[in-house]
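Hi,

Here is the structure I said I would pass on to you. Have a look at it first, and then read on for what turned up in it.

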Amino acid sequence: MSGENPALRLKALSRDLAWRLFAAMAVVSLRWRIGAAVLTMAAGFIVRYAFINVFGDHPTYFTFYPAVMVAAWLFGTRTGFAAAAVAVVLVNAPLGAAAVASLETTENYLVVDVFLLNCAALIFLARLMQRLSGARRESEELARLNAEQLGHFIEQAPAAMAMFDRDMFYLAASARWRADFGLSRDIVGKSHYDVFPDLGEELRKKFRRALAGESLSCQADRYVGGDGSERWLRWEISPWRLPHDRIGGVVIFSEDITERLLIEEQMRENEHRRDAIVDAAMEAIVAIDSKGIIQSANPATREMFGYEKSELLDRNVRMLMPNHYRAEHDRYIADYLDGGKKKVIGQRRKLEGRRKDGSILPLELTVCETTFKQEIMFVGFLRDLSPIEEEKRRVTALRDDLVHVSRLNDMGEVVASLAHEVGQPVSAILNFAAAHRRAKALSGEAPEPDLIAKIEAQARRAAEILKRLRGFIEKRPPERRLAGIRELIEDAISLTVLRSRAHIVYLPAANDGEIRVCADRVQIGQVLVNLLRNADDALADTAEPEIRVETYCDASGMVHIAIADNGGGVDEEALGQIFSPFFSTKKYGMGVGLSISKSIVESHGGVISYRANEPYGSIFEFTLPVFHGDESLS
């Protein structure tokens with residue numbers, strides 16, 4: 001590495017070369033190893049006898065130490081001791097002209113013992129060096145494999161990664177790194193500063209800080225490529241370490257987050273757009289979690305219920321409900337989460353809400369389910385029905401007024417006949433009273449009982465007619481009570497017969513007297529009078545006018561009331577409009593009678609219809625639900 005002492009580097013290089021030489025000797029073929037052992041033994045023998053005149057008859061063994069060490073290194077411990085034995089034999093062999101001292105002397109035995117002990121030490125040292133060399137060889141092989149695997153890992157990594165030494169030379173780079181920065185495969189061994197000559201000083205400082213042991217990162221950094229394109233990168237710079245915790249260089253991780261930032265920006269824009277739409281919505285929108293806690297509420301919600309935003313968020317949605325709805329709400333959520341039972345979700349439902357001031361308001365609720373961050377949420381859309389209910393009440397009041405006006409219009413046509421019909425019993429009362437008075441004055445006797453009875457009958461008749469007329473035309477709120485069908489029909493006929501010239505025939509069903517309905521007597525009477533009067537008007541040009549009223553019950557529990565005449569009927573062009581408001585076939589008709597009759601019948605749960613009478617004439621028929629004793633009047 002740069003900055004180290006050259007003498008130390010030379011020493012380390014020499015030591016490395018020696019280790020490599022020993023390692024190379026250990027892996028050569030057997031033939032070459034035998035040759036090396038023989039040569040070292042022969043060299044020792046030659047040196048020994050080349051200097052025999054110098055050493056004289058003293059046994060000299062040190063020239064065979066290399067041979068013993070090489071034999072032990074190349075072939076093992078036994079071969080090393082065998083080489084030592086051969087050396088003893090060769091030293092003590094009487095070869096050449098020089099004589100060797102006898103082995104039997106004590107001094108020579110001591111020299112041999114020292115030689116063998118030295119050989120044992122050399123053999124142990126050689127075997128130790130051999131094992132160390134093998135361990136180093138294995139370590140280098142493992143390091144090579146690790147380097148190859150690391151390089152392969154970095155090469156195949158899906159992220160952009162690069163590994164550098166302390167001088168910022170490339171050791172490895174992933175394919176994604178090269179693709180992101182437009183680099184070739186031969187960048188390994190090149191300087192990062194040469195590959196990117198335009199790197200700023202600020203980034204170089206970061207590299208130096210990482211080489212000093214600091215880990216650096218940046219979540220979004222603007223990068224301008226050589227082609228002028230702009231990208232955003234997320235990067236991390238970390239040091240990698242050698243044994244003994246020395247820093248060997250840095251690893252740089254880089255990720256192109258341009259597309260992700262664009263998506264996040266689009267999501268933020270979508271959220272702003274969504275919030276703007278929700279805030280501008282006229283209906284209240286409330287989002288709650290699976291526990292009923294409010295997560296969001298738009299301004300319409302706050303205005304509808306009178307709360308501030310801080311008063312709604314993280315509070316249970318029960319606060320917006322009257323007491324009788326709160327327990328049901330918790331049960332609905334629990335049932336749905338446990339078994340998926342939908343009680344409110346996906347359906348429109350009318351209920352009541354509770355404002356901050358405690359007042360109750362009618363609402364229409366629609367609940368939808370959604371998932372946010374893998375958690376179930378419910379979004380409720382609430383519509384304030386107060387204006388609609390108020391409008392309904394106003395329309396109902398107007399309809400009641402219109403019904404009353406219609407009754408007054410009907411009675412306007414009855415008044416002429418009423419004056420005649422009421423005048424008759426009044427005149428009779430007066431005549432009978434005068435006769436009674438004269439009889440009493442002439443004879444002084446008690447009045448005739450029959451005469452008094454006739455006076456009372458005529459008075460009751462007049463009073464009944466006036467009572468029916470007053471009850472029909474007086475304005476009062478609708479009130480439904482039990483009434484018999486026969487009674488309703490007979491009352492209507494008694495009001496109609498005053499002005500009708502037609503023969504009215506009532507054909508009741510066998511059990512008409514037992515059929516009862518829950519209805520407003522005045523309104524149903526208005527329907528009957530209107531239909532009877534229309535039938536009478538249709539008979540103006542008929543020689544023998546007749547009106548028939550029939551009743552019967554069907555299997556569905558409805559009573560049918562049909563009013564038939566033998567007049568001219570209804571033109572085909574008018575059939576589709578006869579029940580429409582302000583449509584009339586009469587010259588001076590208002591066009592509200594049949595429309596009001598249809599509204600009254602439908603409000604009672606029935607229907608009204610028209611069909612032609614055979615052979616001529618019209619039949620108007622309407623139905624009402626029959627009341628059974630086990631039903632509730634509410």
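Let's start with a loop: Met-168 sits in the one between strand E1 (160–165) and strand E2 (170–173). (Helices, H or I with at least four residues, and strands, E with at least two, are DSSP runs numbered from the N terminus.) Before going further, some housekeeping: this is a predicted model, in which local features need pLDDT of at least 70 and side-chain atom pairs count only at pLDDT 80 or more, while totals for chains, interfaces and linings use all residues. Residues are numbered from 1 along each chain as its sequence is written, and side-chain values use heavy atoms, with hydrogens and water left out.

Back to Met-168: its phi is near 65 degrees, a positive value in a residue other than glycine. For background, most residues other than glycine have a negative phi, and most peptide bonds are trans. Met-168 counts as buried, at 1% relative accessibility (buried means under 20% relative accessible area, exposed over 50%, and partly exposed in between, with a 1.4 Å probe and protein chains only). Asp-314 also has a phi near 65 degrees, again positive in a residue other than glycine. Asp-314 belongs to the loop between helix H12 (309–312) and helix H13 (323–339), and it is exposed, with a relative accessible area of 61%.

Next, the aromatic rings. Rings of Phe, Tyr and Trp (its six-membered ring) pair if their centres lie within 6.5 Å; planes under 30 degrees apart count as stacked, over 60 as edge-to-face and the rest as tilted. By this rule there are eight aromatic pairs. In one of them, Phe-164 and Trp-177 have ring centres 6.5 Å apart and planes at 70 degrees, so the pair is edge-to-face. Phe-164 is in strand E1 and Trp-177 in helix H7 (residues 175–181), so this pair ties together parts that are 13 residues apart in sequence. Phe-164 is buried at 0% relative accessibility, and Trp-177 is buried with a relative accessible area of 3%.

Phe-181 and Phe-196 make another edge-to-face pair, because their ring centres are 5.7 Å apart and their planes stand at 80 degrees. Here helix H7 supplies Phe-181, while Phe-196 is in the loop between helix H8 (192–195) and helix H9 (201–211), so the pair ties together parts that are 15 residues apart in sequence. Phe-181 counts as buried at 16% relative accessibility, as does Phe-196 at 14%. Ring pairs link Phe-164, Tyr-170, Trp-177, Phe-181, Phe-196 and Tyr-223 into a cluster.

Now for the sheets. An open sheet of five strands, with antiparallel pairing, has the order E7-E6-E10-E9-E8 (two strands pair if DSSP finds at least two bridges between them). Strand E7 (294–297) and strand E8 (348–354) are at the edges with a single partner strand each, so one side of each has no neighbour in the sheet. On average, neighbouring strands of this sheet are turned by 35 degrees against each other, direction ignored. Strand E6 (residues 284–289) and strand E10 (residues 375–384) run antiparallel and are joined by six bridges; Ala-284 has Leu-382 in E10 as its bridge partner.

Another open sheet has five strands in the order E12-E14-E15-E17-E16, with mixed pairing. Its edges are strand E12 (503–507) and strand E16 (608–612), each with a single partner strand, so one side of each is left without a neighbour in the sheet. From one strand to the next, the twist averages 20 degrees. E16 and strand E17 (residues 618–625) run antiparallel, joined by five bridges, and Ser-609 stands opposite Glu-621 in E17. In the loop between E16 and E17 you will find Pro-615, which a cis peptide bond joins to Glu-614, with omega about 5 degrees.

Finally, a helix pair. The axes of H17 and helix H18 (residues 593–603) come within 10 Å and cross at roughly 145 degrees (axes are lines fitted to C-alpha atoms, for helices over the stretch in contact, and angles run from 0 to 180 degrees between N-to-C directions). By class, their contact has seven nonpolar, six polar and no charged residues (contact means heavy atoms within 4.5 Å; Ala, Val, Leu, Ile, Met, Phe, Trp, Tyr, Cys and Pro count as nonpolar, Asp, Glu, Lys and Arg as charged, and the others, Gly among them, as polar).

Cheers
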